[in-house]
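Please brief me on this protein: the fold first, then selected residues, backbone geometry and a pocket.

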Amino acid sequence: TAAPILRCRDIHRAERFYREVGATANWSWGEGNPGYRSITLCGAEIHLSSFAGDAAFGTAVYLRVPDVEAIAARLSDLSVLT
């Protein structure tokens, strides 16, 4: 299997966002910035990193989900979608 790495500026903010949209935490390395996290979202493992040199800002990941409308509604409730 593969686990995409998504670059973030603030590991705590990124982790909080993904938990709010339903991700679960697997493991973490580092307590502050920089830091590295493994999460599971929609059955897929995704890594979050605020380390320079890990991945690139603007990386896209495509996840197949059973109910995209429910996820869109959740993001809308969180004011992520406008």
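**Sheet and strand pairing**

Ile5 has His47 as its bridge partner in β4. This is a predicted model. The pairing of β1 with β4, residues 44-49, is parallel and spans three bridges. The sheet is open, has four strands and runs in the order β1-β4-β3-β2, with mixed pairing. β1 and β2 are the edge strands; each has a single partner strand, so one side of each lacks a neighbour in the sheet. From one strand to the next, the twist averages 25°.

**Antiparallel pairs and the helix**

- β3 and β4 run antiparallel and are joined by six bridges.
- Within that pair, Ser38 stands opposite His47 of β4.
- Trp29 has Tyr36 of β3 as its bridge partner.
- α1 packs on the sheet and touches β1, β2, β3 and β4.
- The direction of α1 makes about 10° with that of β3.

- Leu6 lies in strand β1.
- Is Leu6 buried or exposed? Leu6 counts as buried, at 11% relative accessibility; the cut-off for buried is under 20%.
- Beyond its neighbours within four places in sequence, Leu6 is in contact with Tyr18, Ile46, His47, Leu48, Ser49, Thr59 and Val61.
- One of these contacts, Ile46, is 40 residues from Leu6 in sequence, yet the two C-alpha atoms are 7.4 Å apart.
- Ser38 belongs to strand β3, residues 36-41.
- Ser38 has a relative accessible area of 1% and is buried.
- Leaving out neighbours within four places in sequence, the contacts of Ser38 include Thr24, Ala25, Asn26 and Trp27. Glu45, Ile46 and His47 are also in contact with Ser38.
- Ser28 sits in strand β2, residues 24-29.
- Ser28 is partly exposed, at 48% relative accessibility.
- Apart from neighbours within four places in sequence, Ser28 is in contact with Tyr36 and Arg37.
- Ser28 and Ile39 are eleven residues apart along the chain, and their C-alpha atoms are separated by 8.9 Å.

**Hairpins, loops and backbone geometry**

- Most residues other than glycine have a negative phi, and most peptide bonds are trans.
- Where is Pro34 found? Pro34 is in the loop between β2 and β3.
- The peptide bond joining Asn33 and Pro34 is cis, with omega of about 0°.
- The hairpin of β2 and β3 has six residues between its strands, and Gly30 takes a positive phi near 90° there.
- The hairpin of β3 and β4 has two residues between its strands.
- Cys42 is in the loop between β3 and β4.
- Cys42 is not a glycine, yet its phi is positive, at about 55°.
- Cys42 is partly exposed, with a relative accessible area of 41%.
- Ala55 lies in the loop between β4 and α2, residues 68-77.
- Ala55 is another residue other than glycine with a positive phi, near 55°.
- Ala55 counts as partly exposed, at 38% relative accessibility.

**Second largest pocket**

- The second largest pocket has a volume of about 300 Å³.
- Which residues are closest to its centre? Of the 13 lining residues, they are Arg7, Cys8, Arg9, Ala14 and Phe57.
- β1, residues 5-7, and α1, residues 11-20, each supply at least two residues of the lining.
- α1 gives the largest share of the lining, four residues.
- By type, the lining divides into seven nonpolar, two polar and four charged residues.

How values were computed:
Residues numbered from 1 in each chain as written. Predicted model: local features only at pLDDT ≥ 70, side-chain atom pairs only at ≥ 80, totals over all residues. Heavy atoms only, no water. 1 Å grid on protein atoms, 1.4 Å probe; cavity = no way out; pocket = protein on both sides within 12 Å on 5 of 7 lines; lining within 4 Å. Points joined across faces, edges and corners; volume = space filled by probe spheres on them. Nonpolar A, V, L, I, M, F, W, Y, C, P; charged D, E, K, R; others polar. Buried < 20%, exposed > 50% of the residue type's maximum accessible area, 1.4 Å probe, protein only. Contact = heavy atoms within 4.5 Å. Pairing = 2+ DSSP bridges. Axes fitted to C-alpha atoms, helices over the stretch in contact; angles between N-to-C directions.
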